[in-house]
Amino acid sequence: MDDIVFEKKIVFCLLGKTFSSDFIRTWTEIVGYCLMNKIKPILSSAKSSEFNSKMAALSISGDINAPFGGKLDYDFIIYIKSDCLPSVNIVIEMIKHDLDVVSCLSSNERSLKHTNYIEDFELSEIKQKSYNYCKFEDIQVKMNKLNEYEASIRDASGNLKENIETIEKPSSLVKVNHVDFSVICIKNGVFEKLKLPWFNYEETSNDITGNLYFCNKCKQADVDIFVDLNLLTNSERSVIC
C-alpha cells in the first residue's frame with residue numbers, strides 16, 4: 001500500500017468484543033472498496049459501546065482536543081457496532097453527504113418498532129415525552145416517497161432511465177437532536193470543535209453509552225446531526241418488540 005496515493009483517510013472505530021462471520025464479511029467488503037477507490041482505511045477498536053470505549057477508540061492524548069492527539073490526519077471517523085452489518089453503499093453515501101455528523105437508520109436496541117433516533121429532544125426534559133424514539137410507522141410516508149422515487153428512475157429491468165435529473169428527488173435526510181451509535185460518520189473538525197470529554201456518563205438518564213452526552217454537546221456547539229432514511233442497516237441484535 002506504500003505506493004498508493006490515497007485521496008481520503010477514514011478511521012473505522014469498531015465497537016465490540018466479538019465479531020460474527022457476517023460482520024467479518026461485511027468489514028472485508030468495506031476495506032476492499034476503500035483500497036480500490038484510493039481511500040485509506042484505518043482501524044481502531046474498543047471492547048464495548050460504552051462511553052469510555054468510544055473515548056478509548058480515539059486514543060486521547062492528555063488534554064489535546066483532537067482524536068489521536070492530533071497526530072493522525074483523517075477525513076472521517078466512522079463508528080460501527082459489532083452487531084450492525086452496514087453495506088458498502090452505506091459507507092459510500094455517508095461519505096458523499098460530507099456532513100458534520102450523519103447516521104444510518106437502524107432499529108432501536110429495545111424495540112424493532114422504533115428507530116435509532118429522536119427528532120426533537122431536550123436533555124432537561126428527559127423524563128418526559130421528549131425521550132421517545134421515532135417509530136418506523138411515523139416515517140412510513142417519507143419512506144414511501146423515497147421508494148416511489150427509486151422506482152420512478154428505473155426501467156423494468158432495473159436500469160437507470162435517461163434524463164432522471166428532471167425527476168425531483170425527495171430528501172432522505174432528517175435533522176435530529178439525538179441518535180444512537182450504530183453506524184455513524186463524523187467529519188474531521190467536529191471532535192476538534194467540542195471540548196473534552198466527547199463521551200461521558202449521563203447521570204440524568206443513567207446512560208453509560210455516551211450517546212446522549214455526545215449529541216447534547218453537538219447541539220450546544222451548533223453541530224447538526226442527520227439521519228439518512230435511505231441507509232437502513234441490518235443488525236444481528238436481539239430486541240424486545
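I started with the pairing of β1 and strand β3 (residues 76-81) in this predicted model. The two strands run in the parallel sense, and I found six bridges between them.

Next I followed β1 to strand β2 (residues 39-46). These two strands run parallel as well, joined by eight bridges. Here I noted that C13 stands opposite S44 in β2. I then traced how the chain gets across: from β1 it passes through helix α1 (residues 21-36) to reach β2, and this β-α-β crossover is right-handed.

How enclosed is strand β1 (residues 8-15)? I checked burial, taking buried as under 20% relative accessible area. Six of the eight residues of β1 are buried, so the strand is largely enclosed by the rest of the structure.

Then I turned to helix α4. It covers residues 140-152, which is 13 residues. I looked up its span from first C-alpha to last: it reaches 18 Å, close to the 18 Å expected at 1.5 Å a residue.

Which residues of α4 are buried? I have M143, L146 and Y149 on my list. Looking down the axis of α4, I see its buried residues fall within an arc of 120°, so they line one face of the helix. I also asked what covers them, and the cover includes β5 (101-105) and β10 (225-232).

Last, I checked the face of α4 turned away from its buried side. My note for that face reads V141, E148 and A151, which are exposed.

Conventions:
Residues numbered from 1 in each chain as written. Predicted model: local features only at pLDDT ≥ 70, side-chain atom pairs only at ≥ 80, totals over all residues. Heavy atoms only, no water. Helix = DSSP H or I, 4+ residues; strand = E, 2+ residues; numbered from the N terminus. Expected span 1.5 Å × (residues − 1). Buried < 20%, exposed > 50% of the residue type's maximum accessible area, 1.4 Å probe, protein only. Arc of directions from axis to C-beta. Contact = heavy atoms within 4.5 Å. Pairing = 2+ DSSP bridges. Right-handed = clockwise from strand over helix to strand, strands pointing away.
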